[in-house]
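Trainee: Could we go through this one together? I'd like to ask about a few contacts and pairings.

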Amino acid sequence: MKPSIRYLILALTNRCNLSCTYCYNGRTDAVVDMPGPMIRQAIGIAAEDGHPFHLQLTGGEPTLVPASIEKAAILASETGLCRSMGIQTNGTVLTTDVMALFKRYGFQVGVSLDGSPEIHQKQRGMAAETFRGLRMLEDAGIPFRVTTVVTKTNVLFLDQLILTLAAFSCARGVGLDLLIHKGRAAEGNAVGPADPVSLERGVRRMVFVLKSINKRRGIPIRFRERDLVTGTEARQQVFCHACLGQSLAVDPRGRLFPCGQTMGDPEFFAGTVENPKYHRLRCLWETLPPAAPCSDCDLARSCPGDCPSRLHYNRLMDATLVCMLYRTIKGCEG
């Protein structure tokens with residue numbers, strides 16, 4: 001039985017102009033861009049049940065294929081069911097034409113940013129180009145949020161990330177992704193996960209600075225994980241669409257997966273746009289065991305848990321770091 005798709009992720013291309021030290025997609029052998037007919041097919045899958053859905057564009061780096069961005073936006077708009085559109089970019093190749101697309105279709109813009117220019121250069125490279133992109137968004141009045149991959153390199157400098165964002169009036173939020181030991185991060189380079197002690201210290205500093213900065217801002221910078229612990233999302237039993245089988249991620253070759261983080265993982269393969277295996281979209285929630293016993297945890301009633309795909313990656317990421325992250329944030333509210 002086909003599930004109701006409420007969150008559609010299209011990886012428009014696998015090409016990327018960065019070579020992040022921890023990229024969990026690993027290295028690509030050949031450049032593949034999602035063709036127009038496939039974009040139409042994927043959007044059709046999301047729209048055919050008549051329910052509203054969110055369209056999220058990613059890559060690779062999606063702004064390398066602006067024509068595909070517009071194609072997806074037009075097709076999604078034509079369904080009359082696309083309630084919102086988002087795009088995740090590294091910000092390095094933004095142009096006035098691309099930003100015009102963002103404005104025309106009301107894209108929610110997410111930028112991958114790992115800290116101050118120095119820290120960002122260490123982990124991702126092309127820091128100057130990324131900050132040029134942030135300044136272009138600021139000058140164009142386009143709100144944006146940032147996603148930060150937390151590693152041992154930047155964990156103690158998360159407060160500097162907030163100070164950096166404070167310079168941008170269009171900065172609206174920040175979210176933390178803990179490092180997954182997969183792809184390039186598993187190739188024996190210098191990047192590695194934060195340890196629990198450093199994570200607690202770094203997050204406490206970050207929250208303290210964020211509170212101080214927000215007192216001086218007209219529009220606050222939201223902290224995604226804090227909202228999950230203390231906001232309305234904290235009262236929801238499940239916050240991830242993939243947990244409910246309502247998320248669909250399509251890679252540039254047309255292969256289907258439950259979410260962006262599982263994209264490319266054979267264990268989560270759910271068919272193709274031509275031959276979907278819809279029952280596989282629920283495999284995250286139905287087949288994966290809990291990461292750890294939680295029944296006696298003092299955060300049991302307010303912890304949002306975590307994406308089951310990450311729980312699956314216990315062999316690649318210490319699940320106790322997830323608990324430490326949420327416990328620290330909750331403790332900062334006391």
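Trainee: Which residues in H2 do Gly 36, Ile 39, Arg 40, Ile 43 and Ala 47 in H1 meet?

Mentor: First, a caveat: this is a predicted model, where local features need pLDDT of at least 70, side-chain atom pairs count only at pLDDT 80 or more, and totals for chains, interfaces and linings use all residues. Residues are numbered from 1 along each chain as its sequence is written, and side-chain values use heavy atoms, with hydrogens and water left out. Taking contact as heavy atoms within 4.5 Å, the H2 partners are Ser 68, Lys 71, Ala 72, Leu 75, Ala 76 and Thr 79.

Trainee: At what angle do H1 and H2 pack?

Mentor: H1 covers residues 36-47 and H2 residues 66-79; helices are DSSP runs of H or I, at least four residues, and strands are E runs of at least two, numbered from the N terminus. Axes are lines fitted to C-alpha atoms, for helices over the stretch in contact, with angles from 0 to 180 degrees between N-to-C directions. These two axes lie 10 Å apart, and the angle is about 30°.

Trainee: Is Leu 248 in S8 buried or exposed?

Mentor: Strand S8 (residues 247-250) has both faces covered, with Ser 247 and Ala 249 on one side and Leu 248 and Val 250 on the other. Buried means under 20% relative accessible area, exposed over 50%, partly exposed in between (1.4 Å probe, protein chains only). Leu 248 is buried.

Trainee: Which residue in S9 is the bridge partner of Ala 249?

Mentor: Two strands pair if DSSP finds at least two bridges between them. S8 and S9 (residues 256-257) pair antiparallel over 2 bridges. The partner of Ala 249 is Phe 257.
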